[in-house]
There are 2 protein chains.
Amino acid sequence: MKTEEDQLVQKIAKALASKGRRGLALGAGDDAALLAPRSGYQTILTCDWFLEGSHFLRDKHPAESIGWKCLARAVSDIAAMGGEPKHFLLSLALPQTHTGRWLDRFLSGLARAQRRLGCQLAGGDTTRSDDIQINVTVVGEIRRGRAVLRSGSKPGDLIFVSGRLGEAELGLRWLRQGQAARHRNGPCMRKHLYPEPRVILGQWLAAQGIATAMMDLSDGLSSDLPRLCAASRVGARIETDRIPKVQMRAGENQDHVDLVRLALNGGDDYELLFTVRPSDVRRVPRVFRGLPLSCIGEISRDRRLVLTGPEGREETLVPRGWDPF
Amino acid sequence: MKTEEDQLVQKIAKALASKGRRGLALGAGDDAALLAPRSGYQTILTCDWFLEGSHFLRDKHPAESIGWKCLARAVSDIAAMGGEPKHFLLSLALPQTHTGRWLDRFLSGLARAQRRLGCQLAGGDTTRSDDIQINVTVVGEIRRGRAVLRSGSKPGDLIFVSGRLGEAELGLRWLRQGQAARHRNGPCMRKHLYPEPRVILGQWLAAQGIATAMMDLSDGLSSDLPRLCAASRVGARIETDRIPKVQMRAGENQDHVDLVRLALNGGDDYELLFTVRPSDVRRVPRVFRGLPLSCIGEISRDRRLVLTGPEGREETLVPRGWDPF
């Protein structure tokens, strides 16, 4: 005779079963997971909240997207250090009304993400709650000494970002305004619902020793760049003209969205922000496997954060990205 | 200029700062934690929800207890495999009203637990929510091949439990009834508010090779023993007389609590349930560092779960422990 909790755990384990063990000695079903770290490698560990109301809306976000995104955003922290994602733990608190069809769809999105990201379920915890609450822990690995930290930037290093900034935020706005269907196949909607953490790029930058510091952009450039600078004890000067913004065709921006502010303050892009020594800049391609890499400015010795506008006007960069408080 | 989230993260990191790195190459403050696993060891990984309403009550449980218990119960899963706890990630979602004095008290309880359990903060995630939501991931380690799983019990093995069962459940009842103060210094109240995971016992049983299977009792014996038996593909016969129950002085049980049912179905004890080959039984002490170890029955080949009462009456053991659904 099984408890309802046991039945739910079995359903999850079945939906997310994968072949091969990839260093997993023992997965879901015991008190804890047992992993066999590779010799010469370090373990990278991160966890991320994904909560109804704060991070997604029950009646707006498809369950498949919630499943995909809860893993993708946690994996992005592994990518940000240059690591390879290996395993994850899924903590799921659900209303009783959501243990049937909704859970099936959630698990199908999550199963797609784990295949895509090469990440295997190793365990978790399941309980009941009024709201949908998710917490994902991801374990990755990286060759000893190769991890790229936030703290390695030096004055004179050039600042790069991958992709285009603000896309996910615009996707969210459209979703809130009930315009998701109209933009369904566009990059903004896709990036908001099914973001792709930059795992391959992060691993390449770390393996090549190109990035002196790196982090992922989850809260928005204006909030995240100051964190990298604080960790490295440096400042930064960036140019609004060089920031890769959302691309729109002429006349498409009917709502007159300020694409610069969107790129500075929009969250959830999961692009990589990294710095490069001047002598290594020529090693950074303009496009990496279809993904544009843009130089947006330079690290400075003085600890200020300066944004230079199109006519050379300077302003202080103020953190206006996502802050839950 | 720091976001409110950054300030909160700093407060947490400061309250839980500890000396020495114990295999931690990089802790809170970067995208992810970086651990250096010891060669010849496996990594044990577990996570646990601790949610207001389901696992504790905001207006009944002291913040110090919530801080202590969120770590202690997750560490108990490491103990259940015989491992040594090393690091933890703290995911904390709080109402804005709880980021001041309440958080200080929570962190002081958690700091005590981490010192006591030898476990170091390695990172986490902090966000806002209406309810207090906690998720703790613990990383432990164990020498390769030494972990004790749930699946190793064989017919004829004897079944042991540590401590006394039902104490924590009785503590919870008293707390709900507003009688916590009257019982403050008793073992039941202490065990409910500040449970001590059996880390040393678990490590000893694993290192000595005495336990053939092991798990911790978190939901109650009647729910947890069937899980161990299912994993080992065996059954069990246990005797109510031999189950270590809450001890009360004559006349103290004024509410006529059924101490047998309490021991069978009460959750949150975090004692260890383990099985031992008949040839190893003499190696199990009656008391291990002040903690009683009791033989309560035997593993059987047939897959039934049988409870034998005082007059030899048999009944089927039905899972009536904690089930969130």
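**Figure 1. Helix H2 of chain B.** Helix H2 (residues 63-79) of chain B comprises 17 residues and spans 24 Å from its first C-alpha to its last, close to the 24 Å expected at 1.5 Å a residue; the expected span is 1.5 Å times one less than the number of residues. Helices (H or I, at least four residues) and strands (E, at least two) are DSSP runs numbered from the N terminus. H2(B) is mostly covered, with 17 of its 17 residues buried. A residue is termed buried if 20 or more other C-beta atoms, placed from the backbone, lie within 10 Å of its own, exposed if 12 or fewer do, and partly exposed in between. The model is predicted: local features need pLDDT of at least 70, side-chain atom pairs count only at pLDDT 80 or more, and totals for chains, interfaces and linings use all residues. Residues are numbered from 1 along each chain as its sequence is written, while chains are lettered from A and ligands numbered from 1 in the order in which they are written.

Figure 2. Gly163(B) lies in the loop between strand E7 (158-162) and helix H4 (167-176) of chain B. Gly163(B) is buried, with 22 other C-beta atoms within 10 Å. Beyond its neighbours within four places in sequence, Gly163(B) is in contact (C-beta atoms, placed from the backbone, within 7 Å) with Pro244(B), Asp269(B), Glu271(B), Leu291(B) and Pro292(B). The C-alpha atoms of Gly163(B) and Arg101(B), 62 residues apart along the chain, are separated by 35 Å.

**Figure 3. The side of chain A that touches chain B.** In this interface, 58 residues of chain A are in contact with 58 residues of chain B. Strand E3 (residues 41-51) of chain A supplies the largest share of the side of chain A that touches chain B, 9 residues. That side divides into 30 nonpolar, 17 polar and 11 charged residues; Ala, Val, Leu, Ile, Met, Phe, Trp, Tyr, Cys and Pro count as nonpolar, Asp, Glu, Lys and Arg as charged, and the others, Gly among them, as polar. Because 100% of the interface residues of chain A are also interface residues in chain B, the copies meet through the same surface.

**Figure 4. Strand pairing between the chains.** Strand E2 (residues 33-35) of chain A and strand E3 (residues 41-51) of chain B run antiparallel and are joined by 3 bridges; strands pair if DSSP finds at least two bridges between them. Leu34(A) stands opposite Ile44(B) in E3(B).

Terms used:
Contact = placed C-beta atoms within 7 Å.
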